[in-house]
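Welcome! Here is a short briefing to read beside the structure. Take a look at the picture, then follow the points below.

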Amino acid sequence: MKSESPGPLIRIEGLSKWYQMGGETIKALDCVSLTVYQGDFVAIIGPSGSGKSTLMNMIGCLDVPTEGSYRLDGVEISAMNDNQLADIRNTKIGFIFQGFNLLPKLTAIENVELPLIYRGVPTRKRKAMAMDALEKVGLGERMHHRPSELSGGQQQRVAIARALAANPPILLADEPTGALDTKTGKEVLEMIQHINGQGHTIVLITHDLSIAQQAKRVIRIQDGKLYEDWSDAG
Amino acid sequence: MNMYQGIKMALGSIMSNKLRAFLTMLGIMIGVASVISLVSLGQGSTQKVTEQVQSLGSNLLTVNVTGRGAQTSLSYDEVLTLQEKPGIDAVAPVVSSRVTVKAGNKNTEVTVEGTDASYETVRDFHAQEGRFLLPIDVQFRQKVALLGASTAEELFGFVSPLNNYVQINGIPFKVVGVLEEKGDSMSGANDEKVIIPISTAERILASPGVRTIYVQAESPEQVEMAEAQLEAMLTKKFKGDEDSYRIFNQQDLLESVSSVNSTLTMMLSGIAGISLLVGGIGIMNIMLVSVTERTREIGIRKAIGAKKRDILFQFLIESVVLSGLGGLIGVALGVGGAYAIGHFSDTSVVFSWDVTLLSFGFSLFVGIFFGLFPANKAANLKPIEALRFE
Ligand SMILES: Nc1ncnc2c1ncn2[C@@H]1O[C@H](COP(=O)(O)OP(=O)(O)OP(=O)(O)O)[C@@H](O)[C@H]1O
Ligand SMILES: [Mg+2]
């Protein structure tokens, strides 16, 4: 993890994403701006169809904006090609999805190793890093289980370990508790808070206000526009 | 991502659906196995025929006389003059006829060939027991006979026929030798015949003229010279009628036989090659299905940092491993099959490493070629769209 970044980690300015649906243009994101500093914990909350996932995909470099600028760690993303984006996803971003998105045929540790494989980390070091990450999320005993042999909460913890293994500065979580019951959801959220405490920047997407309120900053999104909710800060 | 990781991943995903992998490989397996076994069979038969032709002697020319008008054959003396011609080493004239040969209460219908002592060297056909004809036998019209191996067994069983008598057209002949076993060849059944002195044959057979002459050239290089000499003598004899005789050159025969065989081999490998191609299409088919099924997996991999080439590589390796594995099993089946055919039937099989390597290499190539399209399709998926795929 980068310890000392001079500027903000995420700087989004006038960013838009449009989708063409038939003859109609849908503005999923409409000229949004957002700045996130290192170590922050930002929750983005909004109703269904408001553009949360679209924003998440932009921040996660899974997609490029139609318009505007996105600087990640000082680097402009909009002009990058597929390979460069893949590299950035691999080194800068850890994803935690609502549906876990683990590979069902791989064991927990193999899933966690995956981003390290793509980074080209040698086998021994990779295994050690993956084990370390699994132990951090309390799954040291379940390393060789497949996702189907794990509970939902455990699967999400494997996904968190996978996101953490490569030690990226930003963790993006799209409704990480959406598929979990209240109790395990709370555990997962505590884990995310703990990770934030260790210095990782976190952007969390949710439509649940009680979850959003666990974050340091809450940002509302409505019809593709962002509204910072200062009243909830701190 | 390195090669080792890629192969491990590919093997993992192949092993997770063994039945499908097997069915995918089946086309390649059958293709490779049939290339190898068919070519082995084809080459086996080429070799066998070549050996047969060569066993007749590579300096050998065969003249068949059909004649013109009343002149349907040559006389023994006419033939003997050929011996003096340049390029010709020896000639063995043959007078032949189908006759019944009797020994005791057994009899059999065989070809009797009346010839002289040079037959032994010209046709490289020796006596395994007793002796061959001697010049003296011809000179004095001796009533002696050599029996072909099968004929000897048929008439005398396991008793040696030497010094016993056989009756040819009712005339007793003393058996002086038994011919070595040669098996069947292009010139007919070699082991079912009786050889007697040509002078005797001219007396007792219905058609006494010489209609077959075996001519030995001095060397393989002299074959053409010898052929020209024969040509000259025969055209003169039959007044320019080229249809009244035919000269067979061993070399020509060999060439035409092997060209027929190589055409056959090529056709067989063509058919087998097509089945390999069809196998490749099968692989492409399954790989395309697999790419669609695994769209989400591809999305996840891309989200966590897999590059285009990582995904391309993963699917390409998978299809090459499938086709390569199919190729290996095909090689095993093909080699095994060829040996089994060689072992359980009397077909001869010549196994060739070239063809084995070539067809295995071709199966790898098929894997790459037909894997490229699906792999490329997978590599070009957009990560968000792939992730959204249900
Ligand atoms: N690929 C696409 N093509 C066309 N329209 C799209 C596409 N992706 C998103 N949209 C539209 O953009 C808008 C924002 O979608 P987005 O997925 O960001 O919503 P969301 O806030 O994540 O909703 P939810 O809470 O239901 O996940 C929606 O109106 C959606 O229909
Ligand atoms: Mg969404």
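B:Leu325, B:Leu328, B:Ile329 and B:Leu333 make up a nonpolar surface patch with about 330 Å² of accessible area together. This is a predicted model, where local features need pLDDT of at least 70, side-chain atom pairs count only at pLDDT 80 or more, and totals for chains, interfaces and linings use all residues. Residues are numbered from 1 along each chain as its sequence is written, chains are lettered from A and ligands numbered from 1 in the order in which they are written, and side-chain values use heavy atoms, leaving out hydrogens and water.

**The patch on chain B**
- B:Leu333 sits in helix α11 (residues 308-344) of chain B.
- B:Leu333 counts as partly exposed because its relative accessibility is 47%, and "partly exposed" lies between buried (under 20% relative accessible area) and exposed (over 50%), with a 1.4 Å probe and protein chains only.

**Around ligand 1**
- Ligand 1 has residues from chains A and B around it, so the site is shared between chains.
- Among the surrounding residues are A:Tyr19, A:Lys52 and B:Arg388.
- α1(A) gives the largest share of the shell around ligand 1, three residues.

**Contacts with ligand 1**
- A polar side-chain atom of A:Ser53 is 2.7 Å from an oxygen atom of ligand 1.
- A polar backbone atom of A:Gly51 lies 3.0 Å from an oxygen atom of ligand 1.
- For A:Ser50, a backbone N or O atom is 3.3 Å from an oxygen atom of ligand 1.
- Ligand 1 exposes 640 Å² taken alone, and the protein buries 67% of that.

Definitions and conventions. Patch = residues over 30% accessible without salt bridge, like charges linked within 9 Å, V, L, I, M, F, W, Y side chains within 5 Å. Areas by Shrake-Rupley, 256 points an atom, 1.4 Å probe, with all protein chains shown as cover. Salt bridge = Lys/Arg side-chain N within 4 Å of Asp/Glu carboxyl O. Helix = DSSP H or I, 4+ residues; strand = E, 2+ residues; numbered from the N terminus. Near = heavy atom within 4 Å. Polar contact = N/O pair within 3.5 Å; in protein donor to acceptor, adjacent residues only side chain to side chain.
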